[in-house]
Amino acid sequence: MRMMGKVIFLWCYVYLWAPLRNLKRTICGTSHTTILVYHRVSNESLDSITVKISQFQRQLDILTRNYQVVSMDQFLSRRGLPRRKKWVVITFDDGYFDNYAAAQMLYKAQLPCTFFVSTGIVGTSRSFPLDIRMNRKIRVLSWKQIQEMSALGFHIANHSVNHIDMGITDLNVSLYEIRKASKDLVTHLGNSASEKWFAYPFGRQENITEDIKNQLNSLGIDYCFSAYGGTNPKNFDPFNILRQGVNYGFSDLAFKSAIEGYRTRIH
């Protein structure tokens, strides 16, 4: 009964309430932007940061048919300007090996995407903290694959060097991680690197400090991205850009409700 009640609630949210709210926002030029954040697209090791391959394809089809998907630079460049339609931006975090196949799916669907990568883990045999805790080995992207993804037109951006929790790490260490990751991106990708965009690891409010945020400009960072849910108004905070995570537990209805602004924390 509880599950049925939630389905009914989400259906009403997506198909009854959201259209009325969106109409008002269209008239006022205040439509929101939802930034989706993925990590892994795989049928193996399903967890809170993984979507199934068929599920991801289905979500791309939903986005293509029903929403206006824009690139990250288009979203950022239109900050503060009237927005008549709601937008969706697609992002990936970390740099798992399966992101390469996901990029091919995105390219085929002609959908833009930004990949935030941890520069000290990609191109190595190292594992991300979640996989270490779960005692599993999951491959990561090579720099050659990342370069090929960049050549296809996808943005590659900063996700620190070693995927540390900056909420509990020494300030100087955290600042070094951000600065070094930007340099790594430029070294491997040249002018195509999006080194001024930074998504902090783990993405919750407690995973970054105000001291770090206050020094991002001095590190050459123009935009900082979280991952604890929510949508962005036209006058979004450039150092707290909200993103909504997606995982294998999302039904198509839940996926649409997240785009419409129903916040779901997946971590």
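Hi everyone, let me start with Phe-202, which counts as partly exposed at 22% relative accessibility; buried here means under 20% relative accessible area, exposed means over 50%, and partly exposed is in between, with a 1.4 Å probe and protein chains only. Before going on: this is a predicted model, where local features need pLDDT of at least 70 and side-chain atom pairs count only at pLDDT 80 or more, while totals for chains, interfaces and linings use all residues. Residues are numbered from 1 along each chain as its sequence is written, and side-chain values use heavy atoms, leaving out hydrogens and water.

Back to Phe-202: its phi is near 75 degrees, a positive value in a residue other than glycine. You'll find Phe-202 in the loop between strand S8 (194–199) and helix H8 (210–215); helices (H or I, at least four residues) and strands (E, at least two) are DSSP runs, numbered from the N terminus. As a reminder, most residues other than glycine have a negative phi.

His-163 is not a glycine either, and has a positive phi of about 55 degrees. Is His-163 buried or exposed? His-163 is buried, with a relative accessible area of 8%, and sits in the loop between S7 and H7.

Now to helix H6. The axes of H4 (residues 99–108) and H6 (residues 143–151) come within 10 Å and cross at roughly 15 degrees; axes are lines fitted to C-alpha atoms, for helices over the stretch in contact, and angles run from 0 to 180 degrees between N-to-C directions. That makes H4 roughly parallel to H6, a label for angles under 35 degrees, with over 145 roughly antiparallel, 65 to 115 roughly perpendicular and the rest oblique.

Which residues make the contact? From H4 they are Asn-99, Tyr-100 and Ala-103, and from H6 Gln-145, Glu-148 and Met-149, contact meaning heavy atoms within 4.5 Å.

Within H6, the buried residues are Trp-143, Gln-145, Ile-146, Met-149 and Ser-150. Looking down the axis of H6, these buried residues fall within an arc of 155 degrees, so they line one face of the helix; the arc is that of the directions from the helix axis to the C-beta atoms. They pack against H4, strand S6 (114–117), strand S7 (155–158) and helix H7 (171–189). On the other side of H6, Lys-144 and Ala-151 are exposed.

One last stop, just after H6: Gly-153 takes a positive phi of about 105 degrees. Thanks, everyone!
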